[in-house]
Amino acid sequence: MAQHTPGPWRVAGDSENMAEAEVIDSPTRCIAWTANTFDESGEASDGGEIVTEEDIANGRLIASAPELLQALQLVLDILDHKEGR
(Lines give C-alpha, C1' and ligand atoms only; values in the text may rest on other atoms or scores of the structure.)
Protein backbone atom coordinates (compact mmCIF):
# COMPACT_ATOMS: atom_id res chain seq x y z
CA MET A 1 0.00 0.00 0.00
CA ALA A 2 1.19 3.52 -0.78
CA GLN A 3 2.75 5.48 2.05
CA HIS A 4 1.69 9.06 1.35
CA THR A 5 -0.47 11.70 2.95
CA PRO A 6 -4.05 10.79 2.10
CA GLY A 7 -6.11 13.20 0.02
CA PRO A 8 -7.91 15.29 -0.71
CA TRP A 9 -5.24 17.84 -1.45
CA ARG A 10 -5.91 21.33 -2.80
CA VAL A 11 -4.05 24.42 -3.94
CA ALA A 12 -4.04 27.05 -1.20
CA GLY A 13 -5.01 30.59 -2.07
CA ASP A 14 -5.78 29.73 -5.68
CA SER A 15 -5.77 33.36 -6.80
CA GLU A 16 -3.54 36.05 -8.23
CA ASN A 17 -2.75 37.35 -4.73
CA MET A 18 -1.13 34.24 -3.29
CA ALA A 19 2.55 34.10 -2.45
CA GLU A 20 3.06 30.48 -3.57
CA ALA A 21 1.07 27.74 -5.21
CA GLU A 22 1.01 25.57 -2.08
CA VAL A 23 -0.55 22.12 -2.15
CA ILE A 24 -2.11 21.48 1.24
CA ASP A 25 -4.21 18.86 3.00
CA SER A 26 -5.24 21.14 5.87
CA PRO A 27 -4.89 24.83 6.76
CA THR A 28 -1.71 24.06 8.70
CA ARG A 29 0.07 21.48 6.54
CA CYS A 30 1.83 22.04 3.22
CA ILE A 31 2.38 18.91 1.12
CA ALA A 32 4.30 20.64 -1.69
CA TRP A 33 4.68 23.97 -3.41
CA THR A 34 5.55 24.96 -6.91
CA ALA A 35 8.62 26.98 -7.76
CA ASN A 36 7.40 30.48 -8.43
CA THR A 37 8.42 32.23 -11.61
CA PHE A 38 11.07 34.95 -11.52
CA ASP A 39 9.46 38.23 -12.51
CA GLU A 40 11.24 39.42 -15.64
CA SER A 41 8.45 41.83 -16.56
CA GLY A 42 8.84 44.05 -13.50
CA GLU A 43 5.18 43.52 -12.51
CA ALA A 44 5.99 42.31 -8.98
CA SER A 45 6.25 45.16 -6.54
CA ASP A 46 9.51 43.79 -5.13
CA GLY A 47 10.88 42.69 -8.54
CA GLY A 48 11.13 39.12 -7.23
CA GLU A 49 9.00 36.11 -7.82
CA ILE A 50 5.42 35.95 -9.06
CA VAL A 51 2.91 33.12 -9.27
CA THR A 52 1.90 32.50 -12.87
CA GLU A 53 -1.04 30.56 -14.28
CA GLU A 54 1.47 27.79 -15.06
CA ASP A 55 2.57 27.70 -11.40
CA ILE A 56 -1.06 27.36 -10.32
CA ALA A 57 -1.70 24.66 -12.95
CA ASN A 58 1.34 22.74 -11.69
CA GLY A 59 -0.03 23.00 -8.15
CA ARG A 60 -3.40 21.65 -9.32
CA LEU A 61 -1.69 18.73 -11.05
CA ILE A 62 0.24 17.86 -7.88
CA ALA A 63 -2.93 18.23 -5.80
CA SER A 64 -4.71 15.69 -8.02
CA ALA A 65 -2.10 12.97 -7.26
CA PRO A 66 -4.20 11.08 -4.66
CA GLU A 67 -7.18 10.89 -7.05
CA LEU A 68 -4.96 9.87 -9.97
CA LEU A 69 -3.42 7.08 -7.87
CA GLN A 70 -6.86 5.85 -6.85
CA ALA A 71 -7.99 5.79 -10.50
CA LEU A 72 -4.87 3.87 -11.58
CA GLN A 73 -5.38 1.33 -8.79
CA LEU A 74 -8.97 0.82 -9.94
CA VAL A 75 -7.81 0.22 -13.52
CA LEU A 76 -5.24 -2.32 -12.30
CA ASP A 77 -7.91 -4.09 -10.22
CA ILE A 78 -10.20 -4.29 -13.27
CA LEU A 79 -7.39 -5.64 -15.46
CA ASP A 80 -6.41 -8.21 -12.83
CA HIS A 81 -10.04 -9.33 -12.56
CA LYS A 82 -10.37 -9.69 -16.36
CA GLU A 83 -7.20 -11.74 -16.50
CA GLY A 84 -8.37 -13.95 -13.64
CA ARG A 85 -5.62 -13.02 -11.21
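The following dialogue examines a predicted model.

Student: Which conventions apply to the numbering and the atoms?
Tutor: Residues are numbered from 1 along each chain as its sequence is written, and side-chain values use heavy atoms, with hydrogens and water left out. In this predicted model, local features need pLDDT of at least 70 and side-chain atom pairs count only at pLDDT 80 or more, whereas totals for chains, interfaces and linings use all residues.

Student: In what order do the elements of the protein run from the N terminus on?
Tutor: Helices (H or I, at least four residues) and strands (E, at least two) are DSSP runs, numbered from the N terminus. The protein has 2 helices and 5 strands. Their order from the N terminus is β-β-β-β-β-α-α.

Student: What percentage of the residues in the protein is buried?
Tutor: Buried means under 20% relative accessible area, exposed over 50%, and partly exposed in between (1.4 Å probe, protein chains only). Of the 85 residues in the protein, the buried share is 25%.

Student: Which residue in β3 does Ile 24 stand opposite?
Tutor: Ile 24 is the bridge partner, in β2, of Arg 10. A hairpin of 2 residues joins β2 to β3. In β3, the residue opposite Ile 24 is Cys 30.

Student: With which side chain does the side chain of Thr 5 make a polar contact?
Tutor: Thr 5 lies in the segment before β1 and counts as buried because its relative accessible area is 17%. Contact means heavy atoms within 4.5 Å, and, leaving aside neighbours within four places in sequence, Thr 5 is in contact with Asp 25, Arg 29 and Ile 31. A polar contact is a pair of N or O atoms within 3.5 Å; within protein, one must be able to donate a hydrogen and the other to accept it, and residues adjacent in sequence count only if both atoms are side-chain atoms. At 2.9 Å, the side chain in polar contact with that of Thr 5 belongs to Arg 29.

Student: What separation do the C-alpha atoms of Thr 37 and Asp 55 have?
Tutor: Thr 37 is found in strand β4 (residues 37–38) and is partly exposed because its relative accessibility is 28%. Not counting residues up to four places away in sequence, Thr 37 touches Gly 48, Glu 49, Ile 50, Thr 52 and Asp 55. Thr 37 and Asp 55 are 18 residues apart along the chain, and their C-alpha atoms are separated by 7.4 Å.

Student: Why does Val 75 count as partly exposed?
Tutor: Val 75 has its place in helix α2 (residues 65–82). The residue counts as partly exposed because its relative accessibility is 43%.

Notes. Two strands pair if DSSP finds at least two bridges between them.
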